Amino acid sequence: MFGFRVTDRDGRARAGVLSTPHGEIETPVFMPVGTAGAVKGVLHRDLEEAGAGIILGNTYHLMLRPGDALVRDLGGLHGFTGWTRAFLTDSGGYQVFSLSALRRLSEEGVSFRSHIDGSEHRLTPERSMEVQMHLGADIVMAFDECPPWPAPREAVAEATDRTTRWARRSRAAHTRSDQWLFGIVQGGVHLDLRERSARDLIEMGFPGYAIGGVSVGEPKDDRRRVLESLDPILPTERPRYLMGVGTPEDIVEAVARGVDMFDCVLPTRNARNGQLFTRNGRLSIRNARFRDDPRPPDPDCGCLTCRTASRAYLRHLHTAGEIAAATLMSVHNLFFYLDMMRSMRQSIRSCRFEEFRLDLLRSLGGAQGSPEPS
Ligand SMILES: [Zn+2]
């Protein structure tokens, strides 16, 4: 039912296939974020057309609303949402530490108040596993503590060791054989803590390893050093998932350092704010120069939006506050990300990844809202 195999390598970049009960997924893969059971503003049909094979759901959001027992009773995330391809859920840890109020942290777990209605809740490794087993995603995450950045080294060390103990409890509490449980490597920007975290988790033997506690404000050079130090430690035959990352530039740099899986809200969040990713750089649809521009957002893009909508039309919809603006631009940005991953995989298979990486970094260098050569 589950499997992962690396099929091609180019330098440290890897291309592979991840098998799940809901389909085979080619890696490196980008997973659109469906926070509350839907990718904001986008229909399943459009995600499928864009080539998404796996989407992410947030444990924290779904346990608070509509509640994990209800989702379980309606067939898990697949039955409840109608998405027939793969799902991954996070552990809830990151959101508890970033969104909720009045957290009380102990060895047992975290008590917190909902950011929605102030009601009191508790997440422990056991409860996170119960919620994720109710939600029924294909891939689930061990419960972790995500320390903020910056934080004193002692605090990061404490969070890292607690994450290891919680990973052990998560493993013991997780009993669904139709789900893959990944461990999460913590350790902040401290390479020795990262290494200790990874080695402790590897000893427990997870089928995949996530790298957490990134994209929390740390300098990009620090993140790259962390990835470089983990690359020789993490088992080569297991998938590696860099959580919450990132921009196209961040993703290609992480693939260059051996990462296989990514998720980020950036393509949809930026779309709602009027920013489009194109093969000639980023484009802000609010810019006055697009008022009468009949060209599609990205003339080289084959997405539904670029086949049917002009920049002038999108700018008008966005300015008028029409919901369709968010949908059309989200569809394009997701297509851009998924298409970028397709090209990246192809470049690894044909041993042209370094050329691809340099081309991508060059093409994305365009300033926001700047005109592009037509
Ligand atoms: Zn497009």
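Is Phe-143 buried or exposed? Phe-143 is buried, at a relative accessible area of 1%; buried means under 20%, exposed over 50% and partly exposed in between, with a 1.4 Å probe and protein chains only. The model is predicted, so local features need pLDDT of at least 70 and side-chain atom pairs count only at pLDDT 80 or more, while totals for chains, interfaces and linings use all residues. Residues are numbered from 1 along each chain as its sequence is written, and side-chain values use heavy atoms, with hydrogens and water left out. Helices (H or I, at least four residues) and strands (E, at least two) are DSSP runs, numbered from the N terminus.

**Zinc site**

- Four protein donors hold positions 2.1 to 2.3 Å from the zinc ion: Cys-301 (SG), Cys-303 (SG), Cys-306 (SG) and His-332 (ND1).
- Donors are N, O and S atoms within 2.8 Å of the metal (3.2 Å for Na, K and Ca); water is not among the atoms, so sites may look incomplete.
- The site is tetrahedral, with angles of 100 to 116 degrees among the four donor atoms. Four donors count as tetrahedral if all angles lie between 85 and 135 degrees.
- The donor residues follow the spacing C-x1-C-x2-C-x25-H in sequence.
- Cys-306 in helix 12 (residues 304-308) and His-332 in helix 14 (residues 323-349) link distant parts of the chain, 26 residues apart.
- Both Cys-306 and His-332 are buried.

**Aromatic pairs and charges over rings**

- Rings of Phe, Tyr and Trp (its six-membered ring) pair if their centres lie within 6.5 Å; planes under 30 degrees apart count as stacked, over 60 as edge-to-face and the rest as tilted.
- The count by this rule is nine aromatic pairs.
- Phe-143 and Trp-166 are stacked, because their ring centres lie 4.9 Å apart and their planes meet at 25 degrees.
- Phe-143 is in the loop between strand 10 (139-141) and helix 7 (153-173), and Trp-166 is in helix 7, so the pair ties together parts 23 residues apart in sequence.
- Trp-166 counts as buried, at 0% relative accessibility.
- Trp-180 and Phe-182 form a tilted pair, because their centres are 6.2 Å apart and their planes are at 50 degrees. Both residues are buried.
- Phe-30, Phe-277, Phe-336 and Tyr-337 are linked by ring pairs into a cluster.
- A charge sits over a ring if NZ of Lys or CZ of Arg is within 6 Å of the ring centre and within 35 degrees of the ring normal.
- Arg-171 places its charged end over the ring of Phe-206, 5.6 Å from the centre.
- Arg-342 lies over the face of Phe-335, 5.4 Å from the ring centre.

**Pocket and cavities**

- The grid has a 1 Å step over the protein atoms alone; a cavity is a set of points where a 1.4 Å probe fits but cannot get out, and a pocket is an open set with protein on both sides within 12 Å along at least five of seven lines. Lining residues have an atom within 4 Å of a point.
- Grid points are joined across faces, edges and corners, and a volume is the space filled by probe spheres set on the points.
- The volume of the largest pocket is about 780 Å³.
- The largest pocket is lined by 37 residues, and the closest to its centre are Tyr-94, Gln-95, Gly-244, Asp-263 and Val-265.
- There are three cavities of 30 Å³ or more. The largest cavity has a volume of about 70 Å³.
- Helix 9 (220-230) and helix 10 each supply at least two residues of the largest cavity's lining. Helix 9 gives the most, with four residues.
- Helix 10 (residues 248-255) has eight of its eight residues buried, so it is largely enclosed by the rest of the structure.

**Backbone features**

- The peptide bond joining Trp-149 and Pro-150 is cis, with omega about -5 degrees. Pro-150 lies in the loop between strand 10 and helix 7.
- Val-245 to Gly-246 is also a cis peptide bond, with omega near 5 degrees.
- Ser-215 is not a glycine, yet has a positive phi of about 65 degrees. Ser-215 is partly exposed, with a relative accessible area of 31%.
- Cys-351, not a glycine either, has a positive phi of about 55 degrees. At 55% relative accessibility, Cys-351 counts as exposed.

Definitions and conventions. Tetrahedral: all angles 85-135°; square planar, octahedral: opposite > 155°, others 65-115°.
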